[in-house]
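Please read the sequence alongside the coordinates. The text below goes through the fold, then the helices, then a few single residues.

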Amino acid sequence: MKRNSVATASLILFASSAGAALAQQQQHDEAAQSSSIKSVLTTPSSMKVEHAHLHRELTEALASGGKTAEAAKNVEAVLMPHFAEEEAYAMPPLSLLETVARGRQPTEAQASEAIRMTDKLRANYDRMIAEHGEVTAALRQLAAAAREEKKPRQAEFAEALILHAQNEEQILYPAALVLGDYLKLKAASSHP
Ligand SMILES: [Fe+2]
Ligand SMILES: [Fe+2]
């Protein structure tokens, strides 16, 4: 009897975590789908290159074998859909920052695209930050496995990626959101 109730509880737990994973996947798919149309904005090249560099280092960690590769697999599972979403709508609005900082006006098409994207970032803000928590936890395990297996390169990569996520939380996401608010104010003042 007791065994049955334990089995039922495990089943409920499994079903609810599978349901949560499915819901998260759907959110990623919807976000990527609505952003797949060609945009007038592109991710700033420095950020694209940084993501590509981190991706290459993750590929090396995956190929390095042992516990490091096992831990890298967990990082990959949470990181790849997250990177895709960032490049779809969190990073492209930042390509307007230099223009706005120099007091120049983006085109109407650029401004409305940036507002659409930053609204989407605002709607997904908490989830994106929660994903950084998941990525960071997986990276700490990767760093520990790499140190244990004497792979300093992979440990350094894990630490660099933790900093990358902090930089996004402290600077890049807020910059994109503030930019969106600024562009809305500008649009309201030019079309009262
Ligand atoms: Fe990123
Ligand atoms: Fe991120």
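What follows is a walk through the model, from the overall fold to local detail.

This is a predicted model, in which local features need pLDDT of at least 70, side-chain atom pairs count only at pLDDT 80 or more, and totals for chains, interfaces and linings use all residues. Residues are numbered from 1 along each chain as its sequence is written, and chains are lettered from A and ligands numbered from 1 in the order in which they are written.

The secondary structure comprises 6 helices and 0 strands, in the order α-α-α-α-α-α along the sequence. Here helices are DSSP runs of H or I with at least four residues and strands are runs of E with at least two, numbered from the N terminus. Of the 192 residues, 24% are buried; a residue is buried if 20 or more other C-beta atoms, placed from the backbone, lie within 10 Å of its own, exposed if 12 or fewer, and partly exposed in between. Among contacts with a separation of 6 or more, 80% join residues 24 or more positions apart, a contact being two such C-beta atoms within 7 Å.

Helix 6 runs over residues 152-190. Its 39 residues should span 57 Å at 1.5 Å a residue, and its end C-alpha atoms are 55 Å apart, which agrees; the expected span is 1.5 Å times one less than the number of residues. Helix 6 has a kink of about 45° centred on Glu-168, where the bend is the angle between axes fitted to the seven residues ending at a position and the seven starting there. Glu-168 is also among the buried residues of helix 6, which include Phe-157, Leu-161, Tyr-173 and Leu-183. The cover over these buried residues includes helix 2, helix 3 (66-90), helix 4 (97-101) and helix 5 (108-148).

Helix 2, residues 45-63, packs against helix 6 at an angle of about 145°, with the axes 10 Å apart. Axes are lines fitted to C-alpha atoms over the stretch in contact, and angles run from 0 to 180 degrees between N-to-C directions. The contact is made by Leu-54, Glu-57 and Ala-61 of helix 2 and by Gln-154, Phe-157, Leu-161 and His-164 of helix 6. An α-helix has 3.6 residues a turn, so residues three or four places apart point the same way. For helix 2, 19 residues should span 27 Å at 1.5 Å a residue, and the end C-alpha atoms are 27 Å apart, which agrees. Gly-65, which follows helix 2, has a positive phi near 75°.

Helix 5 has a kink of about 60°, centred on Asn-124. Just after helix 5, Lys-150 has a positive phi of about 55°.

Glu-159 lies in helix 6 and is partly exposed, because 15 other C-beta atoms are within 10 Å. Its C-alpha atom is 7.0 Å from that of Ala-143, 16 residues away along the chain. Thr-99, in helix 4, is partly exposed with 13 C-beta neighbours inside 10 Å. Leaving out residues up to four places away in sequence, Thr-99 touches Arg-104 and Pro-106. Thr-42 sits in the loop between helix 1 (2-34) and helix 2 and counts as exposed, because 12 other C-beta atoms lie within 10 Å. Beyond its neighbours within four places in sequence, Thr-42 is in contact with Pro-92 and Ser-95. Thr-42 and Leu-94 are 52 residues apart in sequence and 8.7 Å apart from C-alpha to C-alpha.
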